[in-house]
Amino acid sequence: MSGPDPSGYAPDWLALREPADAEARSAELAAVVRERLAGRVPGPLLVRDLGCGTGAMARWLAPRLPGPQRWVLYDRDPALLARAAAAAPPHADGGPAVGVEVCEADLAALGAPDLAGAGLVTASALLDLLTGDEVAVLAAACTGAGCAALITLSVAGRVELDPADPLDADVRAAFNAHQRRARGGRRPLGPDAPGAAARAFRERGAEVLLRPSPWRLGPDRPGLLRTWLRGWVAAAVEQAPELAGAAAPYLDRRTGQCESGRLRATVHHTDLLALPPGRR
């Protein structure tokens with residue numbers, strides 16, 4: 001992997017989205033992880049969490065898995081790592097404490113030797129930021145190390161808004177194009193990432209399971225809905241400036257619907273679990 005900082009979000013945004021992320025992630029895949037790793041050799045389960053941000057994935061998953069566990073949280077941002085260490089999950093399912101350490105690292109430098117010993121590699125909101133080559137490197141690193149990979153909340157390219165608006169389709173298409181636009185010589189996969197990752201893991205012999213993990217936003221999460229809506233429209237206009245004239249009144253309409261509790265959005269994501277041949 002090279003280039004992107006998958007945790008490149010402000011801590012306030014990460015905190016705002018954490019409850020919706022927790023609700024959206026596939027509990028079914030977490031249960032499969034628990035079942036498939038139950039027969040591992042004795043000793044703590046070593047989990048390496050890539051692009052950990054503030055540690056939300058560990059807080060969600062560690063209590064769903066039996067102990068003992070040891071998590072290594074990787075990120076480029078030392079401030080986010082400090083937050084992750086301070087808010088680490090205290091216990092695994094059944095009561096054992098969860099050991100946590102943080103590691104400031106460039107994910108581009110991580111390969112199979114760095115993942116050695118891990119039973120599981122995790123990441124969240126990562127795949128859509130990667131190029132096709134970077135996804136292939138990630139799949140090769142995980143399968144080469146013989147560890148499972150649970151990668152959640154990858155953008156799927158589908159958004160449903162209720163009530164519908166005539167401009168919805170244009171904004172959605174422009175946003176998806178923005179996700180795929182070249183940046184600094186790289187072209188991220190955006191919503192094509194889950195399919196590309198599934199192929200990359202399967203080509204290396206892994207068993208791959210895909211499950212939906214949609215955000216369902218409405219009056220119960222007005223702050224997240226407003227913030228997401230502004231960012232969604234802004235990215236669309238950046239990609240397609242010809243939308244600017246129509247986008248301003250569109251955002252006003254949608255914001256008004258949000259404030260009155262009438263707007264609901266389903267923002268689709270995909271969770272992926274890859275199990276290398278030795279872990280089937």
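The structure is a predicted model, in which local features need pLDDT of at least 70 and side-chain atom pairs count only at pLDDT 80 or more, whereas totals for chains, interfaces and linings use all residues. Residues are numbered from 1 along each chain as its sequence is written, and side-chain values use heavy atoms, with hydrogens and water left out.

Helix α8 spans residues 193–203, and its buried residues are Ala193, Pro194, Ala196, Ala197, Ala198, Ala200 and Phe201; buried denotes under 20% relative accessible area, exposed over 50%, and partly exposed the range in between (1.4 Å probe, protein chains only). The helix is followed by Gly205, which has a positive phi, near 90°.

A nonpolar core is taken as a set of buried Ala, Val, Leu, Ile, Met, Phe, Trp, Tyr and Cys residues joined through side-chain atoms within 4.5 Å. In the largest such core, which has 33 residues, the members touching the most others are Leu50, Leu127, Cys142 and Phe201. Two or more residues are given to this core by each of β1 (45–50), β2 (69–75), β4 (120–124), α6, β5, α8 and β8, and the largest share, six residues, comes from α8. Beyond its neighbours within four places in sequence, Phe201 is in contact with Leu138, Ala139, Cys142, Thr143, Ala149, Ile151, Ala206, Val208, Leu272 and Ala274, contact being defined by heavy atoms within 4.5 Å. A second, separate core comprises 30 residues, among them Ala24, Val159, Leu161 and Ala174.

The structure holds zero disulfides, a disulfide being a pair of cysteine sulfur atoms within 2.5 Å. Cys142 is buried, with a relative accessible area of 0%, but its sulfur lies 4.7 Å from the closest cysteine sulfur, that of Cys147, and is therefore too far for a bond. Cys103, by contrast, is partly exposed at 27% relative accessibility, and its sulfur is 9.7 Å from the closest cysteine sulfur, in Cys52, which is likewise too far for a bond.

Strand β2 pairs with β3 (residues 98–104) in the parallel sense over seven bridges, pairing requiring that DSSP find at least two bridges between two strands. Within this pair, Arg70 stands opposite Gly99 in β3. The chain passes from β2 through helix α4 (residues 78–86) to β3 in a right-handed β-α-β crossover; that is, with the strands pointing away from the viewer, the path from the first strand over the helix to the second runs clockwise.

Notes: Helices (H or I, at least four residues) and strands (E, at least two) are DSSP runs, numbered from the N terminus.
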